[in-house]
Amino acid sequence: MKRTLKILGYLIGIIALLAGAGASFIWFRGIPTYKAEIPAHIAGLQVPRDSALVERGAKIATLLCNECHKGEEGRLTGRQMKDLPSEFGTLYSMNITHDPESGIGKWTDGELYYFLRTGIHTDGRWSPPYMPKFPLMADEDIYSIIAWLRSDDPALAADSREYSPNKPNFFIRFLSNVAFSPPPLPQQPIAIPDTTDKIAFGRYVADALCACYACHSADFAKQDALFPEKSLGFYGGGNPMLNYDQELVPSANITPDKETGIGNWTYQQFYDAVKFNKNPKGGPLHYPMFPHTTLTDTEVSAVWAYLQTVPPIKNQVARYQAGAN
Ligand code: HEC
Ligand code: HEC
């Protein structure tokens, strides 16, 4: 007995020591850096400043960028991320206006492309998971975002607002060391699927473009950015998200399960929910769900068709109730 206890004591001691060493390693290592290895064809990329691309980029930005980068005056000067868990520390999204010092005026198209795919800056700094990466997006859509970022959209006019660099705390450093890493650059060019292949097109819009699955699966830390369908609880909801008041707003189950998902919804109910944030039970859907007003009818109906093919998951999500938490 005594001997077993002694061995147990040693073991616990060793584990504590290792955990301590691991923890201080992660603390001092901080967010890992990665060598920016930008292939020549990307480094030399020059996206045409074509009005069709700019228009599509502006549309994508309303779906993917503005929510986080829009400052108080509606320009893309960045903001404090009050809707991230307070355990993440105080974090800011960055100024992405044309300003050469405070914004991204000096970035080349290639640097932007590489960053949007991988999250890696040219100096090797890596943006942790709170800046999303777009490894599955079609090249044309990434080009559209870049063309828009360069455009004369008044929301992007140079502004010298600066934030001190984010200092992610232990929790983020830990996750960035063990759970997340930069996605690889695509090996082949990625094209937008043809709209006549409704399910493939719907999958593209839902998984690769809008990343609906990212919010609507079980847990950000258990997602697979390259194979979204391998994410834990794929589209089964319950991801504990926060609004600006730090109240819990779990995401909804949008699998075709008839009892706990949207299996009994009509297309019209789905359309109104996605485009206008209407809850068929009355009232609005709550932030961080937001109205996807710039999605076309073809896109919404393809997403609907695609979601019918997702395996149903039985998961009754406790929904947000104002003032309940
Ligand atoms: C969920 C919130 C969120 C969304 C959505 C988001 N960003 Fe960000 N973005 C951030 C945060 C936070 C940072 C700062 C990351 C860091 O600390 O390294 C950032 C950093 C950046 C940077 C680097 C700026 C710099 O000076 O280092 C660029 C460029 C950028 N985002 C562009 C975009 C674009 C374009 C989109 C849409 C396609 C987008 N972001 C969507 C939160 C977001
Ligand atoms: C930033 C996170 C986020 C993104 C991105 C997102 N959603 Fe949501 N969605 C939520 C949350 C959170 C709720 C629950 C809101 C509530 O309870 O009021 C929700 C609710 C819904 C609902 C209502 C379901 C119900 O049972 O009431 C539908 C439908 C929906 N989302 C579809 C989509 C689709 C389709 C996309 C992609 C085009 C998408 N969402 C993208 C977070 C998100």
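Ligand 1 is surrounded by 21 residues (a residue being near a molecule if one of its heavy atoms lies within 4 Å of it), and the closest are Cys65, Cys68, His69, Ser127 and Met131. The model is predicted, so that local features need pLDDT of at least 70 and side-chain atom pairs count only at pLDDT 80 or more, while totals for chains, interfaces and linings use all residues. Residues are numbered from 1 along each chain as its sequence is written, chains are lettered from A and ligands numbered from 1 in the order in which they are written, and side-chain values use heavy atoms, with hydrogens and water left out.

By class, the shell around ligand 1 comprises 16 nonpolar, five polar and no charged residues (nonpolar: Ala, Val, Leu, Ile, Met, Phe, Trp, Tyr, Cys and Pro; charged: Asp, Glu, Lys and Arg; polar: the others, Gly among them). Helix 4 (66-69) and helix 5 (109-118) each contribute at least two residues to this shell (helices are DSSP runs of H or I with at least four residues, strands runs of E with at least two, numbered from the N terminus).

Around ligand 2, 21 residues form the shell, the closest being Cys212, Cys215, His216, His286 and Met289. This shell divides into 16 nonpolar, four polar and one charged residue. An oxygen atom of ligand 2 lies 2.8 Å from a backbone N or O atom of histidine 286, and a polar side-chain atom of arginine 319 is likewise 2.8 Å from an oxygen atom of the ligand. Two or more residues of the shell come from each of helix 9 (212-216), strand 2 (248-250) and helix 10 (267-276).

The iron atom of ligand 2 has His216 (NE2) and Met289 (SD) as its protein donors, at 2.0 to 2.3 Å (donors are N, O and S atoms within 2.8 Å of the metal, or 3.2 Å for Na, K and Ca). Histidine 216 lies in helix 9 and methionine 289 in the loop between helix 10 and helix 11 (297-307), so the pair ties together parts 73 residues apart in sequence. Histidine 216 is buried, with a relative accessible area of 12%, whereas methionine 289 is partly exposed at 23% (buried means under 20%, exposed over 50% and partly exposed in between, with a 1.4 Å probe and protein chains only).

Terms used:
Polar contact = N/O pair within 3.5 Å; in protein donor to acceptor, adjacent residues only side chain to side chain.
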